[in-house]
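Open the model in a viewer and keep the selection panel at hand. The tour below goes from one selection to the next.

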Amino acid sequence: MKVLTAAQIGCGKFAQSQDFPNMTSHPNVKLKWACDTNLEQAKMVAEQFHVPCTTADFMDVINDPEVDFIKIATSHEAHLPIIEAAAKAGKHIFCEKPMAMKDEEAFRIIRAVRRGKVKLCVDLNRRMSPALQALRAKWLEHGKDPKHNPWRYIQTEREPLPEENLPHLNIRIQDESSSYGLGHLDPLTGGGEIIGESVHWLDVACWFFAPARPVAITAWGSSRLSHGIYLKFDNGASMTLDFSCSGTFDFPKEMFEVTHNAALFRSLFFVENNYYGFPDAKPEYFAMQHGSAKSLAEYMEQYKARVSGVGNMRDIENSKPFMVDKGHRAMLDGFVNAIINDEPSPCDEMAGYLSVYLARRAIESVNLGMTLPLPIEQVTPCIV
Ligand SMILES: NC(=O)c1ccc[n+]([C@@H]2O[C@H](COP(=O)([O-])OP(=O)(O)OC[C@H]3O[C@@H](n4cnc5c(N)ncnc54)[C@H](O)[C@@H]3O)[C@@H](O)[C@H]2O)c1
């Protein structure tokens, strides 16, 4: 069995909750390095997860001939120099989202990985979640031969109008802004929630409707906090995102709903999928990453029991994680397999770029208060 040697660069909150547990328990990964500019933090996490080497300088990791791939979970603005150095040294790269903060940075990242002939995977993990994979499969399956419930009235007296049956994806995010570090809202290190978070939902829409190409974007609200985005594709499909950060974690954060062919496909926070409009549309339930709940209702009950009487939620989150499966582990599996078997990355540099480009266009749309086209040469740039 092939085992890859890995190095973690950036040992903050996300790395501690996902990267360290996932990599140290992966049968094909040996995590050798914990690197953070805050060396104390790197040492503390390395000790907790039994990682042998620590450093504050990412070049120590890049210069280690034993390292096969690096995982980057620094703040966003630090990605470019690390990726350029890693690609030059022939290391594969697993990078947190957003891949970059600006188009120009993303172009340089694409060029670096292509010239270095290394694989890059951007952790736009939602596309790998079992619940969204099942949602898309069910939607595609129904689309091949739509069957309807016997009680449905079928219009036969006229031809359908051209826009009468276009697929629509509705994504509702309700988040708690008190959980955001100010660094994520700072224009220099985070850039706000459209570039920091909504790259996830922009990627989900592009992955869901692939091979359709996005052609226009409209966004409103605040690029830093609550906002909405409407994304239109060349086959007429569309996605509406409603992102509010004035909500509560006492209710699930993410809900996805697709309507098409007189049917509805809904995913409730990666735990439960419901389907409507066709015979035998039974709900599907998905295992959690940490903990177990057999339905959304059970998830909610357990969540309530867990938080009642707790003084500080952060303490319980770290000591006893309770987490739905958003696809983090599957993304790591996919990337490790891509390296070992020389297969395409599960979320490559072009997908990473596209989500950054769309987020930047959404921010521009908010600033200008207008719909913007997405020219083909910018959606599919030619980088050599
Ligand atoms: N995929 C997801 O679902 C998801 C969820 C949360 C966070 N994230 C991403 O993870 C990243 C980190 O977020 P976080 O909340 O852990 O932030 P954080 O501030 O807690 O951690 C970032 C760490 O990176 C270190 N760092 C910064 N520059 C560095 C450099 N050049 N070399 C080495 N270390 C460096 C910092 O010292 C810090 O410890 C962000 O890009 C965020 O978007 C992804």
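Which helix gives the largest share of the shell around the ligand? Helix H1 (residues 13–24) does, with 3 residues; helices here are DSSP runs of H or I with at least four residues, strands are E runs of at least two, and both are numbered from the N terminus. This is a predicted model, in which local features need pLDDT of at least 70, side-chain atom pairs count only at pLDDT 80 or more, and totals for chains, interfaces and linings use all residues. Residues are numbered from 1 along each chain as its sequence is written.

Stay at the ligand and select Gly10, Gly12, Lys13, Phe14 and Thr74, which come nearest among the 24 residues around the ligand. A residue is near if its C-beta atom, placed from the backbone, lies within 6 Å.

Next, select helix H5 (residues 103–116) and helix H12 (residues 349–368). Their axes come within 9 Å and cross at roughly 175 degrees; axes are lines fitted to C-alpha atoms over the stretch in contact, with angles from 0 to 180 degrees between N-to-C directions. H5 is therefore roughly antiparallel to H12 (angles over 145 degrees count as such). On the H5 side, the contact includes Ala106, Ile109 and Ile110; on the H12 side, it includes Gly352, Tyr353 and Val356 (contact: C-beta atoms, placed from the backbone, within 7 Å).

Finally, select strand E4 (residues 69–72) and strand E5. The two run parallel and are joined by 4 bridges (pairing needs at least two DSSP bridges). Phe69 has His92 of E5 as its bridge partner.

Methods:
Angles under 35 degrees count as roughly parallel, over 145 as roughly antiparallel, 65 to 115 as roughly perpendicular and the rest as oblique. Two residues are in contact if their C-beta atoms, placed from the backbone, lie within 7 Å.
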